[in-house]
Structure formats: C-alpha cells, structure tokens
Amino acid sequence: SSAVTRVLDQLKINGHLHGRDIANITAVSPATVSRWQSGKAVPTLSTQTRLAELRFVIDRLNDFYTPDEARLWLHAAHPLLDGKRAVDLIMNGRTEDVLAAIEALDASAYV
C-alpha cells in the first residue's frame, strides 16, 4: 500500500473520518478519495500536504478523545477557535490555528 493509502486508513480509523469528510476537507469528490484509496490516482502535492496535516491533527486529538469524539471535535464550533469549526480552518489552510487550540487543550489538561 502507498503512503497516501496508509494516511487515509489512519484518518478513517483514528478519526472516524468518512470518504466524504476527507473529500470536503481536500475539495475533491468522494470518488476521487476512493481512487486515492485504491491506488488508481494520486493526490497533488498540496493535497498530500493537507492530508498529512489532517493526520497530525487527528493524532493530537487522539491524545484526548476517542476517534468518534475526534471527528465531532473537528466538525463543531469551538471557543478556542473564535466559534469556528476546525474542519473549516483546515480546509482554508489554517491548520496552525487548529493545532494551537489543541495545544491549549493540552496545557489546560495539566492545570
């Protein structure tokens, strides 16, 4: 299996993300994600970067949440993100803001 396939598998397992979630975040069709998964197509380099960032976000969320909770966290509005949804910020190239919010969660866990 390719690196992209492994990342997609991890997103599905660790974040309970569906093909349509990944498609929305990467601005492609669910059929395109399916082709990536099967190895029939390869995402662009910028999309591979977004997938890697999303995997890192999911990995960090797994420190606090179950996979189902991590998926919900991505799709919910948060005070730490000025009422925005993490998934929207990631789609708009603002993964750093999402990671900063997760770091704030991490810091508060030890207070």
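This is a predicted model: local features need pLDDT of at least 70, side-chain atom pairs count only at pLDDT 80 or more; totals for chains, interfaces and linings use all residues.
**Figure 1. Ala-27 at the end of α2.** Ala-27 sits in the loop that links α2 (19–26) to α3 (30–38). Its positive phi occurs although Ala-27 is not a glycine. In general, residues other than glycine mostly have a negative phi. Ala-27 counts as exposed because its relative accessibility is 71%, and the cut-off for exposed is over 50%.

**Figure 2. The buried residues of helix α2.** Asp-21, Ile-22, Ala-23, Ile-25 and Thr-26 are the buried residues to look for in α2. Which helices do the buried residues of α2 pack against? They pack against α1, α3, α4 (45–61), α5 (67–75) and α6 (86–91).

**Figure 3. Asp-82 in the loop between the strands.** The loop between β1 (77–78) and β2 (84–85) contains Asp-82. Asp-82 has a positive phi of about 55°, and this residue is not a glycine. Is Asp-82 buried or exposed? With a relative accessible area of 67%, Asp-82 is exposed.

**Figure 4. Val-7 in helix α1.** Val-7 belongs to helix α1, which covers residues 3–14. The relative accessibility of Val-7 is 11%, so Val-7 counts as buried; the cut-off for buried is under 20%. Setting aside neighbours within four places in sequence, Val-7 is in contact with Leu-51 and Arg-55. The view also includes Ala-52, whose C-alpha is 7.2 Å from the C-alpha of Val-7. In sequence, Val-7 and Ala-52 are 45 residues apart.

**Figure 5. Thr-95 in helix α7.** Helix α7 spans residues 95–109 and includes Thr-95. Thr-95 counts as buried because its relative accessibility is 3%. Which side chain makes a polar contact of 3.1 Å with the side chain of Thr-95? The partner is Glu-53. When residues up to four places away in sequence are not counted, Thr-95 touches Glu-53, Val-57, Leu-89 and Ile-90.

**Figure 6. The whole chain, for orientation among the close-ups.** The chain has 7 helices and 2 strands. Starting at the N terminus, the order of elements is α-α-α-α-α-β-β-α-α. The C-alpha trace spans about 45 × 25 × 20 Å along its principal axes. For 111 residues a compact globule would have a radius of gyration near 13 Å, and the 14 Å of this chain agrees with that. Of the 111 residues in the chain, 34% are buried. Taking contacts between residues at least 6 apart in sequence, 57% join residues at least 24 apart.

**Figure 7. Surface and charges of the chain.** The accessible surface comes to about 6,000 Å². Carbon and sulfur atoms account for 55% of this surface. The chain carries 12 positive and 13 negative charges. How many Å apart are the mean positions of the positive and negative charges? These mean positions are 10 Å apart.

Conventions
Residues are numbered from 1 along each chain as its sequence is written. Side-chain values use heavy atoms; hydrogens and water are left out. Helices (H or I, at least four residues) and strands (E, at least two) are DSSP runs, numbered from the N terminus. The radius of gyration is taken over C-alpha atoms; the globule rule is 2.2 Å times the number of residues to the power 0.38. Buried means under 20% relative accessible area, exposed over 50%, partly exposed in between (1.4 Å probe, protein chains only). Contact means heavy atoms within 4.5 Å. Accessible areas come from the Shrake-Rupley method with a 1.4 Å probe; for residues, only the protein chains shown count as cover. Lys and Arg count as positive and Asp and Glu as negative; His and the chain ends are not counted. The place of a charge is taken as NZ of Lys, CZ of Arg, CG of Asp or CD of Glu. A polar contact is a pair of N or O atoms within 3.5 Å; within protein, one must be able to donate a hydrogen and the other to accept it, and residues adjacent in sequence count only if both atoms are side-chain atoms.
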